[in-house]
Amino acid sequence: MATSRFVVSVVFTSAKPMAISVLEIDVTRLWPMPGSSTAYQLRYLEQIPQGTPYRDVVSKAKSMMGSPHLRKPGYGRPLLIVDFSEVGRPMLETVRRERLDPVALYIGGDGGQVTRPVGARPDPKEIIVPWPDIMLSIQLCYQEERIQVASGLAAVEVYNIALASCRADMPGGITAYHDGELLRAVGAGLWVCERGRDYAVGLEQATARPVTPVYPRKGETNELS
């Protein structure tokens, strides 16, 4: 079974630059293990100029998802994540009309719980994630040295500035932050890979390494004790 794949994250905005990132992941390393700590390689990072037509961004995402560079032999199918926080569900329908099936992420504000959008027919691939949860995923991956950034990425300087100055407790969350789109793109990919399967989005259950529970749930016994 394939243990590596690419994750493409696209951030749509209404009045700021947009962003695209590509993470190459090794699923067997999603959790720290001795001698095997790097799970993610940031392979591509682009800040798309403000005013670029949405259709051009959708077309670029579609082209990337079909690229042979992201469909290497032995790799799983690339995963598409789209942040619709600022543009809403109509843009999701536009993306789906191009026969793309993304994880639809809406990054919330200052706190709260991971939830689903309210509607007559809840979509299992739509999810609302508080900004602090996204930032925590970013911080943990860097602190545990499980992410590496490819050299020569055009937007890496802007990304590094945002990474150094952004906080989980920012008023209004990341959507209020200038040049935060690159951080949102990378953070969306990391969160879905790290936490998405807890909410039935992102990596398939069968693909990820089994996790052995250490602490029992209420009413259960701990078989390890």
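A residue is termed buried under 20% relative accessible area, exposed over 50% and partly exposed in between, using a 1.4 Å probe and protein chains only. By this criterion, 45% of the 225 residues of the protein chain are buried. The model is predicted: local features need pLDDT of at least 70, side-chain atom pairs count only at pLDDT 80 or more, and totals for chains, interfaces and linings use all residues. Residues are numbered from 1 along each chain as its sequence is written, and side-chain values use heavy atoms, with hydrogens and water left out.

Helices (H or I, at least four residues) and strands (E, at least two) are DSSP runs, numbered from the N terminus. The protein chain holds five helices and seven strands. Along the sequence they follow the pattern β-β-β-α-β-α-β-β-α-β-α-α. Contact means heavy atoms within 4.5 Å. Of the contacts in the protein chain with a separation of 6 or more, 61% join residues 24 or more positions apart.

The seven strands form an open sheet with mixed pairing, in the order S6-S5-S4-S1-S2-S3-S7. Two strands pair if DSSP finds at least two bridges between them. Strand S6 (126–129) and strand S7 (147–149) are the edge strands, each pairing on one side only. From one strand to the next, the twist averages 25°.

Strand S2 (residues 18–26) pairs with strand S3 (residues 40–48) in the antiparallel sense, through eight bridges. Ala-19 stands opposite Gln-47, Ile-20 opposite Glu-46, and Ile-25 opposite Tyr-40. S2 also pairs with S1, again antiparallel and over eight bridges. Val-8 has Val-22 in S2 as its bridge partner. S1 and S2 form a hairpin, with six residues between them.

S2 is mostly covered, with nine of its nine residues buried. In a regular strand the side chains alternate between the two faces of the sheet. Met-18, Ile-20, Val-22, Glu-24 and Asp-26 are buried on one side of S2, and Ala-19, Ser-21, Leu-23 and Ile-25 are buried on the other.

Tyr-40 stands opposite Ile-147 in S7. Val-149 also lies in S7. Val-149 counts as partly exposed because its relative accessibility is 33%. Its C-alpha atom is separated by 5.8 Å from that of Gln-41, 108 residues apart along the chain. Leaving aside neighbours within four places in sequence, Val-149 is in contact with Leu-42, Tyr-142 and Val-156.

Helices lie across the sheet. Axes are lines fitted to C-alpha atoms, for helices over the stretch in contact, and angles run from 0 to 180 degrees between N-to-C directions. Helix H1 (residues 54–65) lies across strand S1 (4–11), S2, S3 and strand S4 (79–83), at about 15° to S2. H5 lies across S1, S2, S3, S4, strand S5 (103–107), S6 and S7, at about 35° to S2.

H5 also packs with other helices. Helix H3 (residues 131–143) and helix H5 (residues 181–195) pack at an angle of about 85°, with their axes 8 Å apart. H3 is therefore roughly perpendicular to H5. Angles under 35 degrees count as roughly parallel, over 145 as roughly antiparallel, 65 to 115 as roughly perpendicular and the rest as oblique. H3 contributes residues including Trp-131, Ile-134 and Cys-141, and H5 contributes residues including Leu-183, Trp-191 and Arg-195. Ala, Val, Leu, Ile, Met, Phe, Trp, Tyr, Cys and Pro count as nonpolar, Asp, Glu, Lys and Arg as charged, and the others, Gly among them, as polar. The contact of H3 with H5 has nine nonpolar, two polar and three charged residues.

The axes of helix H4 (residues 156–165) and H5 come within 8 Å and cross at roughly 80°. H4 and H5 are therefore roughly perpendicular to each other. Val-158, Tyr-159, Ala-162 and Leu-163 of H4 meet Leu-182, Leu-183 and Val-186 of H5. This contact has seven nonpolar, no polar and no charged residues.

A nonpolar core is a set of buried Ala, Val, Leu, Ile, Met, Phe, Trp, Tyr and Cys residues joined through side-chain atoms within 4.5 Å. The largest core has 39 residues, of which Tyr-40, Leu-105 and Trp-191 touch the most other members. H5 supplies its largest share, nine residues. A second, separate core of 24 residues includes Met-18, Met-65, Phe-84 and Tyr-106.
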